[in-house]
Amino acid sequence: MSHPLNITSSRFNRRTLLRGGIAMAAASASPLRTASAAPAISNRDARIELTDGHIADLQRSIEGAVILPSSATYNDERRIWSPAFDRKPALIVKTASAKDVQAAVQFARAHDILTAVRCGGHSYSGFSMVDDGMVIDLKAINGVTVDTAKQTAHVAGGALLGNLDRATLPHKLATTAGVVSHTGVGGLATGGGQGRLGRKFGLTIDNMLGVEMVLADGSIVRANATENPDLFWAVRGGGGNFGIVTDFEFQLHEYDGVITSLSYTFPGSKARDVMNVYAEISANAPLELTVSGSLRTSDRGETTCIVSGSFVGTRRAGEAALKALAPLGEPISTRVEEMDYVTLQAVADGNLYSDRFGYSRYTYLRQLDPKFIDMVLDYVMRANTPRTSVSIGMQGGAIAQVNETDTAFAERDGIYQCAVATTWAAGEDSAAGQAHVRELWSMIDPMSTGGFYINEIYDDPEERIRKSFRGNYARLVDIKTKVDPANFFHLNPNIKPKT
Ligand SMILES: Cc1cc2nc3c(=O)[nH]c(=O)nc-3n(C[C@H](O)[C@H](O)[C@H](O)COP(=O)(O)OP(=O)(O)OC[C@H]3O[C@@H](n4cnc5c(N)ncnc54)[C@H](O)[C@@H]3O)c2cc1C
């Protein structure tokens, strides 16, 4: 799992300065005005005057609430998972229905306000919160309806993964979701959706049957295999570029909810053998097994090698799937627990908001061979950089059965995910960790597929976004040009329309 980056973009700086200027000017002209109507910023970084009348009109047009800097709940509402983004929007529209989302989009378009879309707020690069712009907050639209006969679920666009799992598992039905229950379905399911059931049932997008969306022109449309099929293709992996999903329909699968959590920690001295055994295990693994092999260097500079993850089934079967680790001798620690899936999905939740900063690079590998393992291990042992990790996780299985052009998500042949990461607490020096990520990354990148997972974006350049969509990119640009020619939805791993 990777963590957030303390990004300071030039746009951010400009806006911060501009906000200071606007607030000061407004306060000296009329102190009362700053307490209600919101100074804001346009898509072109221009200053916008929103009057109390504008805000009142917006409030009248929605069932939900307009939150302003003067509102009592403003500071709670603007928090997102990553502590790196202490952003102050001009207004937050807490939507209560698809019609509210439509009204918010129409308002933003009419005033040309820079607009972010927020579901679970877990964007590593802070896309869902914006200085001086408007946030369309979907959190209150979170209902899940399960059709047990059809084995499908309708999931509202602001639902969290926990809402989905808690609604389907009592019926012994499930679909793939990520591994932290307060992550939003909205972001996860538009970008891909990896999780403990992915090798068995595919990515979350592979189980998507259709969506209802609000487009940049304010229209509400459905997209599925027969209605707006291009849009349906694009929203399965293309992220938030094409509009705001207000309803997802997912295919569910029969599943009794039995899962086993597995974790074996070995000393760094055994890392080479452990990683080579992990490579053999993962190359021949059953679809039920999803584990990663990781090297972690602690605060004190101690490196351990960990094989951890889960097996969709009983403890006995899970242990059997990893029996090849036994000849490596006793691990430093072993944690194996059979539990129910909904419980395991929340085990890594921690706090709703993270207190650690982070930086990471992510890609996919087609194979895991001894040469690659040697290269990574030699670097990690030599560098010995505190608070860093490199993790190689299993993908493949049902995910690799889908053709690269069937959905916008193209990284189907990358059967391993590889993440190099560092994290730090406020006040800790992060320079060595970030340099470590970049240096190790530059060695791994030439051996990777060249793409990455857009939901793991930090400060990755536009070129990497383009590369990760491979041959699908041109079609995505065409669809974006059709449905969002002004690039209204651009606070995301952006696919730019043709000009
Ligand atoms: C702790 C943690 C654990 C994670 N675990 C996993 C994991 O197991 N598997 C995995 O695949 N990923 C995982 N991720 C990455 C995650 O998929 C992305 O961060 C994703 O963007 C989060 O979605 P969100 O709705 O919570 O984010 P938000 O920050 O609310 O939204 C991010 C972006 O998604 C888009 N978006 C959100 N909602 C909608 C919507 N309804 N319609 C259209 N666009 C929308 C918008 O562009 C928005 O800016 C994890 C992230 C974190 C922080």
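A residue counts as buried if 20 or more other C-beta atoms lie within 10 Å of its own. By that test, buried residues make up 51% of the 499 residues in the chain of this predicted model.

**Overall build**

The chain holds 16 helices and 20 strands. Its radius of gyration is 23 Å, close to the 23 Å that the globule rule gives for 499 residues, so the chain is as compact as a globular protein of that length. Along the principal axes, the C-alpha atoms fill a box of roughly 75 × 55 × 40 Å.

**Helix α6**

Helix α6 spans residues 161–168. The helix is largely enclosed by the rest of the structure, because 6 of its 8 residues are buried. These are L161, G162, N163, L164, D165 and T168. Their cover includes the strands β7, β8 and β9. Helices α7 and α12 are also among the covering elements.

**The ligand shell**

The ligand is surrounded by 36 residues. G120, G184, G186, G187 and G240 are the closest. The shell divides by class as follows.

| Class | Residues in the shell |
|---|---|
| Nonpolar | 14 residues |
| Polar | 21 residues |

β5 (115–118), α7 and β12 (244–251) each supply at least two shell residues. Helix α7 gives the most, with 5 residues.

Where does the ligand lie relative to domain 1 and domain 2? Domain 1 (10–137) and domain 2 (144–255 + 473–483) both give residues to the shell, so the ligand lies between them.

Note on methods
Residues are numbered from 1 along each chain as its sequence is written. This is a predicted model: local features need pLDDT of at least 70, side-chain atom pairs count only at pLDDT 80 or more; totals for chains, interfaces and linings use all residues. Helices (H or I, at least four residues) and strands (E, at least two) are DSSP runs, numbered from the N terminus. The radius of gyration is taken over C-alpha atoms; the globule rule is 2.2 Å times the number of residues to the power 0.38. A residue is buried if 20 or more other C-beta atoms lie within 10 Å of its own, exposed if 12 or fewer, and partly exposed in between; C-beta atoms are placed from the backbone. Two residues are in contact if their C-beta atoms, placed from the backbone, lie within 7 Å. A residue is near a molecule or strand if its C-beta atom, placed from the backbone, lies within 6 Å of it. Ala, Val, Leu, Ile, Met, Phe, Trp, Tyr, Cys and Pro count as nonpolar, Asp, Glu, Lys and Arg as charged, and the others, Gly among them, as polar. Domain bounds come from an automatic or database domain assignment.
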